[in-house]
Protein chains: 2
Amino acid sequence: MPRWEHGSLERLQRAAFELFEEQGFPATSAVQIAERAGVTTRTFFRYFGDKEEVPFADAGRLRAALVEAVRHAGDIAEPLHVVTLALAGFDWGSLGSRESQRRRDLMIAANPELLERDLIKQQQLGDGFGDALRRRGVDPDVAELAARVGIQVFRIAYQRWVHAERDLDLRALTAAELSRLARIVPVGT
Amino acid sequence: MPRWEHGSLERLQRAAFELFEEQGFPATSAVQIAERAGVTTRTFFRYFGDKEEVPFADAGRLRAALVEAVRHAGDIAEPLHVVTLALAGFDWGSLGSRESQRRRDLMIAANPELLERDLIKQQQLGDGFGDALRRRGVDPDVAELAARVGIQVFRIAYQRWVHAERDLDLRALTAAELSRLARIVPVGT
């Protein structure tokens with residue numbers, strides 16, 4: 001990568017988030033984002049297929065790391081636990097401050113195009129978890145259920161964590177959500 | 001509605017599904033769909049905001065019926081059960097034959113634009129369930145969890161039902177999935 005492009009990704013993301021907040025997501029174009037970041041439009045499209053992709057620049061790396069955690073989990077006997085532990089144990093701080101993640105989350109929630117993109121990333125993550133569990137010898141039906149439900153359980157804990165007034169423990173929040181689930185699953189079914 | 005438009009919705013849907021299957025979703029335009037259906041493009045846009053909306057013409061009515069079922073559930077003590085019962089108890093046959101639902105499901109799975117739309121409809125359904133449960137006095141945290149997890153449990157049962165060789169009982173499949181969940185929720189959490 002040519003030297004002048006150093007830091008382009010970060011500059012593009014910062015520029016995009018600024019513009020999304022200033023003038024709204026629908027009114028912002030790739031050309032405007034590139035201009036604000038001081039790079040060419042061509043550079044924008046080297047990093048992103050479209051402007052919807054900007055908040056998900058880390059999604060591929062994130063999914064790989066999370067699926068890897070499931071693939072190497074010590075004990076696979078409780079697959080639902082394995083999935084929630086993989087998610088809660090990830091170093092979410094490595095994706096930026098909690099405040100920046102909170103702003104990103106609000107931006108996604110406010111824009112259907114971004115929410116759709118977010119949901120499809122969750123779906124793909126579920127596919128990856130299901131596949132990793134099956135490769136570990138987990139029954140396919142159990143793998144699918146643990147992957148899908150585990151993500152929902154974690155999502156609720158993450159929402160609580162990212163929007164909390166003070167800094168809470170994401171692992172503890174996730175464990176609490178899993179306990180809640182154990183209490184509401186109908187007995188004797 | 002003028003008399004000549006009678007049946008336009010059904011004709012548009014059938015035309016769209018034919019074209020999606022013949023030439024693929026990306027290559028098909030609203031103009032082509034309207035032409036095949038023998039209506040004006042303006043009529044197409046009276047029914048659908050875009051071509052992505054075609055497979056979801058029933059989504060609003062479906063959501064209303066499902067949320068209504070939760071709102072009027074006899075016993076709200078087991079909210080996860082209430083959600084899965086509302087979903088499994090719906091008359092899915094009223095949306096078309098199982099074969100047509102199977103083709104619709106394959107079409108959605110094969111096209112990211114449709115999958116995104118499908119996922120956001122699921123998300124909105126979850127919002128509706130959560131809201132209905134809260135209005136019935138269910139603890140907000142439980143309501144959210146039951147709504148999200150209940151949809152995942154049902155989705156897996158529905159996939160099994162819609163793609164099965166022979167006609168299975170969707171309620172029984174959903175109950176089996178809920179039992180599976182009861183078995184994989186970590187004990188003592």
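In the predicted model described here, B:Glu116 forms a salt bridge with A:Arg117, the closest N and O atoms being 3.2 Å apart; a salt bridge is defined as a side-chain nitrogen of Lys or Arg within 4 Å of a carboxyl oxygen of Asp or Glu. B:Glu116 belongs to a network of salt bridges that also links A:Asp50, A:Glu53, A:Arg117 and A:Lys121. Across the interface of chain B and chain A, the rule finds 6 salt bridges, and over all chains the count comes to 38. The model is predicted, with local features requiring pLDDT of at least 70 and side-chain atom pairs counted only at pLDDT 80 or more, whereas totals for chains, interfaces and linings use all residues. Residues are numbered from 1 along each chain as its sequence is written, chains are lettered from A and ligands numbered from 1 in the order in which they are written, and side-chain values use heavy atoms, with hydrogens and water left out.

The relation between the chains was examined next. Chain B is superposed on chain A by a rotation of 180 degrees with 0.0 Å of shift along the axis, at an RMSD of 0.0 Å; the superposition is by least squares on the C-alpha atoms of residues with pLDDT of at least 70 in both copies. This is the relation of a two-fold axis. In chain B, the C-alpha nearest the axis belongs to B:Glu116, at 2.5 Å from it. Both copies use the same surface, as 100% of the contact residues of chain B recur in chain A.

In the interface, 33 residues of chain B are in contact with 33 residues of chain A, contact meaning heavy atoms within 4.5 Å. The two chains bury about 3200 Å² between them, 74% of it on carbon and sulfur atoms; buried area is the accessible area (1.4 Å probe) that two parts lose on being put together, summed over both. Helices α5 (79-89), α7, α8 and α9 (170-184) of chain B each supply at least two residues of the side that touches chain A, helices being DSSP runs (H or I, at least four residues) numbered from the N terminus. The most is given by α8(B), with 11 residues.

Salt bridges within the chains were also identified. The side chains of B:Arg148 and B:Asp127 meet in a salt bridge with an N to O distance of 2.5 Å. B:Arg148 lies in helix α8 (residues 140-163) of chain B and B:Asp127 in helix α7 (residues 112-135) of chain B, so the pair ties together parts that are 21 residues apart in sequence. B:Arg148 is buried, with a relative accessible area of 9%, whereas B:Asp127 is partly exposed at 39%; buried means under 20% relative accessible area, exposed over 50% and partly exposed in between (1.4 Å probe, protein chains only).

In chain A, A:Glu21 forms a salt bridge with A:Arg103, the closest N and O atoms being 2.8 Å apart. This pair links distant parts of the chain, A:Glu21 in helix α1 (residues 8-23) and A:Arg103 in helix α6 (residues 98-110), 82 residues apart. A:Glu21 is partly exposed at 44% relative accessible area, and A:Arg103 is partly exposed at 38%. In chain B, B:Glu68 and B:Arg71 form a salt bridge with closest N and O atoms 3.1 Å apart. These two residues are 3 residues apart in helix α4 (residues 59-71) of chain B, and are therefore separated by about one helical turn.
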